[in-house]
Every structure is written in structure tokens, then in C-alpha cells.
Amino acid sequence: MVVTFSVVGDAREMYPIIRDETYRIGYEAIRNACMHSGASQLEVELRYTNDLALRVADNGTGIDPAIVDRGKDGHFGLQGMRERAARIGGKLTLGSSSNSGTEIELKVPGGMIFRKVMPVRPSLFTRIRTLFR
């Protein structure tokens, strides 16, 4: 399998819990593609814009529409991905066909995932010291 990985935009610091849930969703999507798709190509894209977008796409056999809707008995991958996305305020979309493979995209609002950068405020000691220079 040929795998391409791309990052668009500048990496930003994320809240650890939401970052970890995003990682687990991506891991499951990649694992499913490797185990079940029969694909020869896999694309993984991470986009840092106002929001964070993770896209995993393959050119495999696709997923049966019944499994897309309800999941597969005894398997919790797709269900778990949906639950994780909901838990972090993200939106998970899944498109699949036997002609073009499967594409999974997760979008997480920037206000949820990205840490707010606070300006560093000098300490009282530093401010007093600068007065006496």
C-alpha cells in the first residue's frame, strides 16, 4: 500500500484530551483502511486552519452501506469514532463507494481544540527591576 501524508498550515498547540481523541479517530480510520479496504493507496491529510481537519481516504472496496449506517455486529470502530467526535464537539463524515473507496473526515472547531495563546506578562519582580536600570 502506498501511503501519502500531508500537513497543510502551521501546527498549533492543542488541548491534550481533544488531541488524544482526534488521534484515536485517525488511528481507527487508518487501521480500518489497512485491515478491511484492500486499497493500494491511502491518503492522510491534516489541515490547520481556523479549525482542525483530519482526512483519511483510500481507493479500496468501500464499506457496505448497511455497515456505514449501523456498524458491524461485534465491531465498534465506526461507532467509537462517531462517539469520540461527538464528545469533542467535532463533526465526522464518512463517504464510501465500491468505485472510489472510503473517505473519513473529522472537523474539530478551532475554539475547542486549539489552546489560546496568552501573552506572557512580566512578573512583578521583573517590572520593578526594569525601573531601577
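Predicted model: local features only at pLDDT ≥ 70, side-chain atom pairs only at ≥ 80, totals over all residues.
Residues are numbered from 1 along each chain as its sequence is written, and side-chain values use heavy atoms, with hydrogens and water left out.

Asn32 lies in helix H1; helices here are DSSP runs of H or I with at least four residues, strands are DSSP runs of E with at least two, and both are numbered from the N terminus. Is Asn32 buried or exposed? Its relative accessibility is 17%, so Asn32 counts as buried, given that buried means under 20% relative accessible area, exposed over 50%, and partly exposed in between, with a 1.4 Å probe and protein chains only.

Cys34 also has its place in helix H1, but Cys34 is partly exposed, with a relative accessible area of 45%. Apart from its neighbours within four places in sequence, Cys34 is in contact with Met1 and Leu42. Between Cys34 and Gly62 there are 28 residues in sequence and 12 Å in space, taken from C-alpha to C-alpha.

Now to the helix pair. Two packed helices are described by the angle between their axes and the distance between the axes. For helix H1 (residues 16–36) and helix H3 (residues 77–87), the axes come within 9 Å and cross at roughly 155°; axes are lines fitted to C-alpha atoms, for helices over the stretch in contact, and angles run from 0 to 180 degrees between N-to-C directions. That makes H1 roughly antiparallel to H3, since angles over 145 degrees count as roughly antiparallel, under 35 as roughly parallel, 65 to 115 as roughly perpendicular and the rest as oblique. Which residues of H1 and H3 make the contact? On the H1 side they are Glu21, Arg24, Ile25, Glu28, Ala29 and Asn32, and on the H3 side Gly77, Leu78, Met81, Arg84, Ala85 and Arg87.

Turning to the sheet, we find an open sheet of five strands in the order S1-S2-S3-S5-S4, with mixed pairing, where two strands pair if DSSP finds at least two bridges between them. The edge strands, each pairing on one side only, are strand S1 (2–8) and strand S4 (91–97), and the twist averages 10° from one strand to the next. S4 and strand S5 (residues 101–108) run antiparallel and are joined by seven bridges, with Thr102 in S5 as the bridge partner of Ser96.

H1 packs on this sheet, touching strand S2 (41–48), strand S3 (52–58), S4 and S5, and its direction makes about 10° with that of S3. H3, for its part, lies across S4 and S5 and runs at about 150° to S4.

Finally, consider S3, where seven of the seven residues are buried, so S3 is largely enclosed by the rest of the structure. In a regular strand the side chains alternate between the two faces of the sheet. Here Leu52, Leu54, Val56 and Asp58 point one way from S3, while Ala53, Arg55 and Ala57 point the other way. S2 and S3 pair in the antiparallel sense over seven bridges, and a hairpin joins S2 to S3 through three residues. S3 and S5 run antiparallel too, joined by six bridges.

Definitions and conventions. Contact = heavy atoms within 4.5 Å.
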